[in-house]
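Here is a short briefing for a reader meeting this structure for the first time. Start with the sequence and the model, then work through the topics below.

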Amino acid sequence: MVSNPHQPLRRRTGGARSGAASPAEVGPGGASAPALQALVREIELLPGIGRKTAERLAYHVLRMPAEDAMRLARAIRDVKENLRHCKTCFSIAEREECSICEDATRDATTICVVEEPRDLYAIEATAAYRGRYHVLLGAFAPLDGVAPSDLTIDALLARIGAGGVKEVILAMNPNFEGDGTALYLREKLKAFPGLRITRIARGVPSGSHLEHVSRAIVSDALEGRREMGD
Ligand code: ZN
């Protein structure tokens with residue numbers, strides 16, 4: 001899935017809406033509470049949240065002390081107003097560049113390519129990697145209509161084209177989309193003579209996501225990366 005920071009994909013809701021009025025739609029004394037309904041609708045748009053959970057969380061917010069609820073609202077606003085994508089690696093940043101790109105002690109000759117910022121965090125958590133990153137903001141998924149042009153591949157090629165990069169580690173998730181993206185990138189990266197192209201080892205269970213795998217396995221997968229041959 002492609003994450004466009006400016007236009008978050010919204011899960012289609014609907015269906016399963018009929019039936020008896022839910023508590024949020026019928027407030028005290030039978031009067032509807034539009035503000036509460038609106039909160040339920042917004043929470044329900046979050047991934048993995050069904051109607052019942054959305055209602056439970058909305059009621060929880062209603063009962064929270066005002067200062068706690070306002071802190072939650074501010075945290076949501078701050079994430080949208082103060083965070084952006086790093087102009088170099090497309091990870092999440094508070095300034096133009098993220099803290100890793102700004103860190104001169106990180107090895108600029110190695111770029112580890114991941115699908116999403118959360119994959120970068122999974123690798124950082126191992127403390128086993130001291131190079132730079134590039135976040136694709138998704139994976140090539142023709143069946144879902146995600147084309148290479150939807151990813152940050154051109155920016156990656158421009159970074160490598162600027163010189164100084166000796167190795168690119170392809171750390172996409174070991175599933176259909178991740179493997180397809182790695183193969184596509186390998187072809188593109190062949191244009192740079194002498195560039196070492198490696199893929200993280202298969203210690204990571206097939207079909208899994210880096211963010212859900214233990215630090216030791218992620219660390220081993222990086223350590224055991226192999227040249228990506230033909
Ligand atoms: Zn960065």
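In this predicted model, the largest nonpolar core holds 36 residues. Cys112, Val113, Val114, Ile123, Val135, Leu170 and Ala171 touch the most other members of that core.

**The core**
- S3 gives the most to the core, with four residues.
- Which residues does Cys112 contact, leaving aside its neighbours within four places in sequence? They are Ile123, Tyr129, Gly131, Tyr133, Ile169 and Ala171.

**The sheet**
- Five strands form an open sheet in the order S4-S3-S5-S6-S7, and their pairing is mixed.
- Strand S4 (131-135) and strand S7 (226-227) stand at the edges. Each has a single partner strand, so one side of each is left without a neighbour in the sheet.
- Strand S3 (residues 107-114) pairs with S4 in the parallel sense, over five bridges.
- Cys112 has Tyr133 in S4 as its bridge partner.
- Helix H5 (residues 117-124) packs on the sheet and touches both S3 and S4. The direction of H5 makes about 125 degrees with that of S3.

**Helix H7**
- H7 has 14 residues. From its first C-alpha to its last, H7 reaches 20 Å, close to the 20 Å expected at 1.5 Å a residue.
- Which residues of H7 are buried? They are Gly178, Thr181, Ala182 and Leu185.
- An α-helix has 3.6 residues a turn, so residues three or four places apart point the same way.

**The whole chain**
- The chain has eight helices and seven strands.
- Of its 230 residues, 24% are buried.
- Among contacts with a separation of 6 or more, 57% join residues 24 or more positions apart.

Conventions:
Residues are numbered from 1 along each chain as its sequence is written. This is a predicted model: local features need pLDDT of at least 70, side-chain atom pairs count only at pLDDT 80 or more; totals for chains, interfaces and linings use all residues. Two strands pair if DSSP finds at least two bridges between them. Helices (H or I, at least four residues) and strands (E, at least two) are DSSP runs, numbered from the N terminus. Two residues are in contact if their C-beta atoms, placed from the backbone, lie within 7 Å. Axes are lines fitted to C-alpha atoms, for helices over the stretch in contact, and angles run from 0 to 180 degrees between N-to-C directions. A residue is buried if 20 or more other C-beta atoms lie within 10 Å of its own, exposed if 12 or fewer, and partly exposed in between; C-beta atoms are placed from the backbone. A nonpolar core is a set of buried Ala, Val, Leu, Ile, Met, Phe, Trp, Tyr and Cys residues joined through C-beta atoms within 7 Å. The expected span of a helix is 1.5 Å times one less than its number of residues.
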